[in-house]
Amino acid sequence: METNIIEWNLHSMLRLFKLSLFSIINESSFPIALFIELIIVANSLTQDNLAAYAAISATLTFALNIFNFLVMVTMAQVSKAVGEKNWLKVGSKLRIAMSTGLLIGLCCALILFFLTPYIFHFMGLSSTVRNVAEMPFKFRLISLPFMMMQRVCIGTLGGYQRLQIMAILAIFVSILEVASQVYALRFMKGDLLDATIGRVIVSGIGWFLSFMFVLWFPPKEANGNIQMFRCCTLKNNDATMISVNLLEEKVEESKTEGCWNTIFLEYFIASGNLIIRSILLTGSVYAMSVMAGNLGTSALAAHQIAITLWMVTSYVCDGFADVGTMVGANLLARNKFKQLLTLRNILMFFGSITGAIAGMIMFLFRIEILSLFHINDKRTSEILMCIWPILCIMQIVNACVFVLDGLIYAAHAFRFVRNLMLIACLCVFAPLLFFVSSIPTFHSLFYIWIAKTGLNTVREIGALWLWYISLPMKWQMAKI
């Protein structure tokens, strides 16, 4: 991709769309696998087992989402290092990211292990469901280090722009995931613990394969220069190039090795900023669920359906965002500012079209969409119809926010995205929620979703300012 000029023409748009398709496959494979797995569990086990499975999945998903920086920071920083052709720096970032993923996975597993009784109590699980969930939950914690390190590998492959490899890996691991559940629950007639054992095994296999792909498929232009370990230079079949590269590495090593602490500090600071952003974003969704639950069962059911539809464009636009991160960071490292702005325009065009189509479909086929959820409660349907215009209109805003997030990561503006989320949550979302909960007239799901709309609108305005005013002015001063 880096050898092709990005211009506002059909050829560039098709190339970027092709890259995005592979990224969309990568982003959507795991959620689809989880959805299928949920259906298998629901049809194979009792209601208590289903509730236990939901509690386990929700807890681990929350933990994984908090540390999403393992994908995004790794992808952005590796993409930039690849664009600079600083292969020793790529190897250093890989070691730091992989060690961070392993450490975080182990720490999370230990903390959740000792907090298990308190977590289940906080979630309000009955004693029967707790008994069913406890052992599978504790066993499932073994998978956390593997899943964290696999995220690092996915981010690294994204930094390499190995999107086809990412898509193949995602599909294979997802199929393996579903197959393990079918085997455990349908063929072996096992219980939730048997299904959990299958998932743990698959998580280990998934990490091993992703790590092997990182070793086997470095960027083509690296020519064997990337050193993951001192004894291991990533794949190169040309013995002559290896000897030449070793001489070059020794010259560059004195420059790069002295900056190891700086590389670690960069990764640590960027990761800290994204952790704050993830906690605020996840916390805002959780706060909405708590408030919806206080409005009654009908409101909570409507809210769960609404939050699913709210994210309908995410799996597609996250694919555009990943392309923005990996290609954008590469272009930025090579000071290709004009191409970077063209990349922004093309991806924003893709995102806007996706959001507009999704919103139109939701508006025109609202009855058919609601019928998919088999809603029997009239009150739930009425509440959903009340907030339906918000869900339709905001699809364009949401799609643009997802794409802009990827571009922000490409610019390494991690502090900006942290500050933007702090402003959106603390100055807009939290006050609106407090207002809604304090005044009975506004105590409804509609106004809770107005608060969510305000949050995403502020995120979009801030990101648009960064990418359409601040950064272009900065690059103009640098004589694009």
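Is Glu382 buried, exposed or partly exposed? In this predicted model, Glu382 is partly exposed, since its relative accessible area of 39% falls between the cut-offs of 20% and 50%. Its side chain meets that of Arg379 in a salt bridge, with 3.7 Å from N to O, and Arg379 is likewise partly exposed, at a relative accessible area of 48%. Both residues belong to helix 15 (residues 378–410), where, being three residues apart, they are separated by about one helical turn. In general, an α-helix has 3.6 residues a turn, so residues three or four places apart point the same way.

**Salt bridges**

Glu37 and Arg199 are both buried, and together with Glu177 they are linked in a network of salt bridges.

**Aromatic rings and charges over rings**

The count of aromatic pairs comes to 18. In one of them, the rings of Phe213 and Phe217 have their centres 5.7 Å apart and their planes at 80°, so the pair is edge-to-face. Phe213 is buried, with a relative accessible area of 16%, while Phe217 is partly exposed, with a relative accessible area of 26%. The rings of Trp467 and Trp475 are also edge-to-face, because their planes stand at 70°, with the centres 5.6 Å apart, and both of these tryptophans are buried.

Beyond such individual pairs, ring pairs link Trp8, Phe17, Phe320, Phe349 and Phe350 into a cluster. Charged side chains also meet aromatic rings: the charged end of Arg344 sits over the ring of Tyr468, at 3.9 Å from its centre, and Arg366 lies over the face of Phe363, at 4.8 Å from the ring centre.

**A nonpolar surface patch**

Phe363 is also part of a nonpolar patch on the surface, together with Trp8, Phe349, Ile353, Ile357, Met360, Ile361, Leu364 and Phe365, and the accessible area of these residues together is about 930 Å². Trp8 and Phe349 of this patch are also members of the ring cluster. Ile357, another patch residue, has its place in helix 13 (residues 337–364) and is partly exposed, with a relative accessible area of 47%.

**Helix 2**

Helix 2 (residues 47–66) has 20 residues, and the distance from its first C-alpha to its last is 29 Å, which is close to the 28 Å expected at 1.5 Å a residue. Among the buried residues of helix 2 are Asn49, Ser57 and Thr59, along with Tyr53, Ile56, Leu60 and Leu64.

Methods:
Residues are numbered from 1 along each chain as its sequence is written. Side-chain values use heavy atoms; hydrogens and water are left out. Helices (H or I, at least four residues) and strands (E, at least two) are DSSP runs, numbered from the N terminus. The expected span of a helix is 1.5 Å times one less than its number of residues. Buried means under 20% relative accessible area, exposed over 50%, partly exposed in between (1.4 Å probe, protein chains only). Patches are made of residues with over 30% relative accessible area and no salt bridge: like charges are joined within 9 Å, nonpolar side chains (Val, Leu, Ile, Met, Phe, Trp, Tyr) within 5 Å. Accessible areas come from the Shrake-Rupley method with a 1.4 Å probe; for residues, only the protein chains shown count as cover. A salt bridge is a side-chain nitrogen of Lys or Arg within 4 Å of a carboxyl oxygen of Asp or Glu. Rings of Phe, Tyr and Trp (its six-membered ring) pair if their centres lie within 6.5 Å; planes under 30 degrees apart count as stacked, over 60 as edge-to-face and the rest as tilted. A charge sits over a ring if NZ of Lys or CZ of Arg is within 6 Å of the ring centre and within 35 degrees of the ring normal.
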